[in-house]
Amino acid sequence: MCKHKPPCPTADAADRDAARTVARDDVVGWALLCNGVVVFDDTGELLPDGQIIAPHRPSALSGTAS
């Protein structure tokens with residue numbers, strides 16, 4: 001699907017969010033990437049095959065020492 005050089009990561013790659021944005025709606029809060037992934041402002045994702053990736057925002061407690 002991607003025609004960039006070098007090509008963007010595929011929808012099943014771990015770094016799929018690094019693909020270029022081809023369309024976005026800031027009012028609704030989504031962006032379509034050139035690999036077919038729709039990313040939402042809450043960090044959730046919809047993959048081209050219909051798989052839903054739940055929001056994965058970092059926790060405020062992540063990376064803190066006890």
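This briefing walks through the strands, loops and backbone details of the structure above. The model is predicted, so local features need a pLDDT of at least 70, side-chain atom pairs count only at pLDDT 80 or more, and totals for chains, interfaces and linings use all residues. Residues are numbered from 1 along each chain as its sequence is written, and side-chain values use heavy atoms, with hydrogens and water left out.

**Confidence**
- The protein chain has an average pLDDT of 88, and 86% of the residues score at least 70; pLDDT is the predictor's confidence in each residue, from 0 to 100.
- Among the elements of the chain, E2 has the highest mean pLDDT (97) and E5 the lowest (94). Strands here are DSSP runs (E, at least two residues), numbered from the N terminus.

- Strand E1 (residues 21-25) and strand E2 (residues 30-33) run antiparallel and are joined by four bridges; two strands pair if DSSP finds at least two bridges between them.
- Arginine 24 stands opposite alanine 31 in E2.
- Four residues lie between the two strands of this hairpin, where glycine 29 takes a positive phi near 95°.

- Phenylalanine 40 belongs to strand E3 (residues 38-40).
- With 35% relative accessibility, phenylalanine 40 counts as partly exposed, a class between buried (under 20% relative accessible area) and exposed (over 50%), using a 1.4 Å probe and protein chains only.
- Together, Phe40, Leu46 and Ile52 make a nonpolar surface patch of about 290 Å². Patch residues have over 30% relative accessible area and no salt bridge; like charges are joined within 9 Å, and nonpolar side chains (Val, Leu, Ile, Met, Phe, Trp, Tyr) within 5 Å.
- A salt bridge is a side-chain nitrogen of Lys or Arg within 4 Å of a carboxyl oxygen of Asp or Glu, and areas come from the Shrake-Rupley method with a 1.4 Å probe.

**Proline 48 in its loop**
- Proline 48 sits in the loop between strand E4 (45-46) and strand E5 (52-53), and it is partly exposed at a relative accessible area of 48%.
- Leaving aside residues up to four places away in sequence, proline 48 touches Ala11, Asn35, Gly36 and Val37; contact means heavy atoms within 4.5 Å.
- Proline 48 and asparagine 35 are 13 residues apart along the chain, with 8.2 Å between their C-alpha atoms.

**Backbone details to look up**
- Lysine 5 and proline 6 are joined by a cis peptide bond, with omega about -5°; proline 6 is in the segment before E1.
- Threonine 43, in the loop between E3 and E4, has a phi near 75°, a positive value in a residue other than glycine.
- Threonine 43 is partly exposed, at 24% relative accessibility.
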